[in-house]
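Subject: Structure handover and notes

Hello,

Please find the structure below. My notes on it follow, for someone who has not looked at it before.

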Amino acid sequence: MLTLKHVSKHFGSHEIIKDLSLHVKEHTIYGFLGQNGAGKTTTMKMILGLYPVDSGEILVQDTPVTYGETKTNHYIGYLPDVPEFYGFMTPTEYLTLCADIAGLLDTDKKSQISEILELVGLIDTNKRIHGFSRGMKQRLGIAQALLGTPKLLICDEPTSALDPVGRKEILDILHTAKKKTTIIFSTHILSDVERICDEIGILHNGRLAHSGTKEELLEDRPDNGFFIEFQTPSDLEKFHTIYPEGTRSDITTLQYPDSKNADMLTALSLLSTHSIVPKRVEQWEPTLESLFMEVIEK
Amino acid sequence: MKPLTAFIKKEWMEMFRNGKLTILLILFILFGIMSPALAKLTPALYEMLAETMKEQGITISQMEVTALTSWMQYFKNAFMELIVLVCMFSGILTNEYQKGTLIPMYTRGLSRSNVLFAKFLTTVIVWTLCYYLCFGITYAYNAYFWDNSIVYNLSLSVFCLYLLGIWLITIIFAVSALLSSGAAVMLATGGIFAALYFMSLIPKISKYLPVRLLNAGELVTKTSSAATSSVLTVDTCYPAIAVTLILCLFNYIIAYLFLRQKKL
Amino acid sequence: MNTELLPFLIPLVFAQMALLAFSLHHILTHKTYRRGTRTLWVIIVIVGMQFIGPILYFTLGKEDD
């Protein structure tokens, strides 16, 4: 579907992308992970022909991408990191404009537009885009990107500016869209990747530091410690005397920052033998940084 | 063809909905009324002036107002019209890059030449509409109060100013392909105009410069063949018209070439 | 003033009122401006109501939507 061969790119003296090669298979969701400034947006803009490539080659459906105007964009839907639209239009008018530009046939234009607006939950919105919230704009951005059923959907940080509810909505929409298209999406949030990606590539210092399936990545995931929240401070006291590990973070919470999963099992069995019912026991989410350290060390 | 017409439609929707067209039409109607109104007021002003002068012992002969007075006023206002044009359209391309609204259009397959053409066409039509509306209003007033037949070369001189507007529009587009903010485009366009204005002080080249067309008002009075070279006549205005047309084409090509390379 | 001026005055006043009303309506229905504040723009548009005020507002103050 999409192949990058030894692609390099620099801005001034700063090398953003160094000899990047990757391949995305059809009908997969490819998560493109990387810290801010790792070169995710640059890579995406090169795939879209919005930035020229210094060396190397990009192929979309075996057709090479050229800078400026590129034929390959007919197969691609793109959601920019901060989507901006014409504020004086309504969503339907905007999508009609996009459909006309993409050369969609009149016969299926109307039905497709209403279908897509239904999918992103903007079907009853007749006000102008001017007054839209961030989340609504993001959803309209996806609608715009999905129009014309592109073979490849490129989303640049679709979830980063949204609250958890908005984020879940967007991920659900992407998951639904997977049936029809291949999706590449970039993020710096690990849990987004865990939720929907099949394949993952980690971009670090302009190189692909790691690539593989989600399962492979999760195996590499470091144990990150956990915490126990008790219902009362006296429960905490009782447990802390039985199992004198961990530190107090507040009057009802004990934390175990550097412990392994085995320690969590010990703690759980101790809780059950002494019949202490905690409010919750939770593993900390590994941060992207810790995952990087793990991946890079290997 | 479909992408182009769709984008032209978007441009017009923008003109209507963001109020630009309304404001331009009202302004140009005002300009159209102003010239004959000022001409009509001239005798009254003269009378007031004459009275104060009489007290000082100077007599001023009664001034006769004709269609010519009104047309001279019209050509004086034209500079204001050009300023309004540049102010209103200087952001036509840069606003889109600054907000990033063109990116979804480009990635959808709209070509850059189509963007340029759609915007250029829209701007030219709006300018034509506003400019000739203003002209029509002045013409109608002048015909009603006085006699338009006493002025010479009216359509040519009015066309000269119209062409000057078209030339400024092509400069806006050429400069917009190079710069990235509307204010910078406005300043650069003004700067180019000012530079050419100063160049026109050099007698040898002045007759070939587009800014020469700003003196189009000089065409409407009958000048004798002995007129000095500094006065624009029917014969001397054609080189400037030809150069302006060539420059318009040149600017459009510059705009196209640089827009194609522009990084978004 | 003679009645001859009426054909000018009526449309002139009408157009000027339309310009003023349109500009004020635009200012009051928008919350944010590219530069300046609402009070500032209302004052500028009223003081320069001949046409300078509205031109200034629409070129410098109006936010693109």
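A salt bridge here means a side-chain nitrogen of Lys or Arg within 4 Å of a carboxyl oxygen of Asp or Glu. By that rule, there are 2 salt bridges between chain B and chain A. Please keep in mind that this is a predicted model.

Chain B against chain A

One of the salt bridges runs from Lys2(B) to Asp100(A), with 3.5 Å between the closest N and O atoms. On the chain B side, the elements that give two or more residues to the contact with chain A are α1 (2-17), α4 (94-99), α5 (102-107) and α6 (112-145). The largest share of that side comes from α1(B), with 8 residues. Sorted by class, the side of chain B that touches chain A holds 11 nonpolar, 10 charged and 7 polar residues.

In terms of contacts, 28 residues of chain B meet 33 residues of chain A. The area buried between chain B and chain A is about 2800 Å², and 58% of it is on carbon and sulfur atoms. Within chain B, the residues that lose the most area to chain A are Arg17(B), Thr107(B) and Arg108(B), which together account for 29% of what that side buries.

Chain C against chain B

The interface of chain C and chain B involves 22 residues of chain C and 23 residues of chain B. Between them, chain C and chain B bury about 2100 Å², with 80% of that area on carbon and sulfur atoms. Three phenylalanines, Phe8(C), Phe22(C) and Phe51(C), supply 27% of the area that chain C buries against chain B, more than any other three residues.

How many salt bridges does the rule find across the interface of chain C and chain B? The count is 0. Two elements of chain C, α1 (6-28) and α3 (52-61), each supply at least two residues of the side that touches chain B. Of these, α1(C) provides the largest share of that side, with 11 residues. By class, the side of chain C that touches chain B is made up of 13 nonpolar, 5 polar and 4 charged residues.

Chain C on its own

Chain C has 3 helices and 0 strands, and from the N terminus on its elements run α-α-α. Its radius of gyration is 14 Å, well over the 11 Å that the globule rule gives for 65 residues, so chain C is more spread out than a compact globule. Along the principal axes, the C-alpha atoms of chain C fill a box of roughly 45 × 20 × 15 Å. Of the 65 residues in chain C, 38% are buried. Among contacts in chain C with a separation of 6 or more, 55% are between residues 24 or more positions apart.

Helix α3(C) is mostly covered, with 7 of its 10 residues buried. The buried residues are Gly53(C), Pro54(C), Ile55(C), Tyr57(C), Phe58(C), Thr59(C) and Gly61(C). What covers them includes α2 (20-55) and α3 (67-89) of chain B, together with α1 and α2 (38-47) of chain C.

Two residues of chain A

Thr159(A) sits in the loop between β7 (152-156) and α5 (164-177) of chain A. Is Thr159(A) buried or exposed? Thr159(A) counts as buried, because its relative accessibility is 0% and the cut-off for buried is under 20%. The side chains of Thr159(A) and Asp192(A) are joined by a polar contact of 2.4 Å. Apart from its neighbours within four places in sequence, Thr159(A) is in contact with Arg167(A), Ile170(A), Leu171(A), Thr187(A), Ile189(A) and Asp192(A).

Glu169(A) belongs to helix α5 of chain A. With a relative accessibility of 34%, Glu169(A) counts as partly exposed. The C-alpha atoms of Glu169(A) and Val120(A) are separated by 8.5 Å, although these residues are 49 residues apart along the chain.

Regards

Definitions and conventions:
Residues are numbered from 1 along each chain as its sequence is written. Chains are lettered from A and ligands numbered from 1 in the order in which they are written. This is a predicted model: local features need pLDDT of at least 70, side-chain atom pairs count only at pLDDT 80 or more; totals for chains, interfaces and linings use all residues. Side-chain values use heavy atoms; hydrogens and water are left out. Helices (H or I, at least four residues) and strands (E, at least two) are DSSP runs, numbered from the N terminus. Buried means under 20% relative accessible area, exposed over 50%, partly exposed in between (1.4 Å probe, protein chains only). A polar contact is a pair of N or O atoms within 3.5 Å; within protein, one must be able to donate a hydrogen and the other to accept it, and residues adjacent in sequence count only if both atoms are side-chain atoms. Contact means heavy atoms within 4.5 Å. Buried area is the accessible area (1.4 Å probe) that two parts lose on being put together, summed over both. Ala, Val, Leu, Ile, Met, Phe, Trp, Tyr, Cys and Pro count as nonpolar, Asp, Glu, Lys and Arg as charged, and the others, Gly among them, as polar. The radius of gyration is taken over C-alpha atoms; the globule rule is 2.2 Å times the number of residues to the power 0.38.
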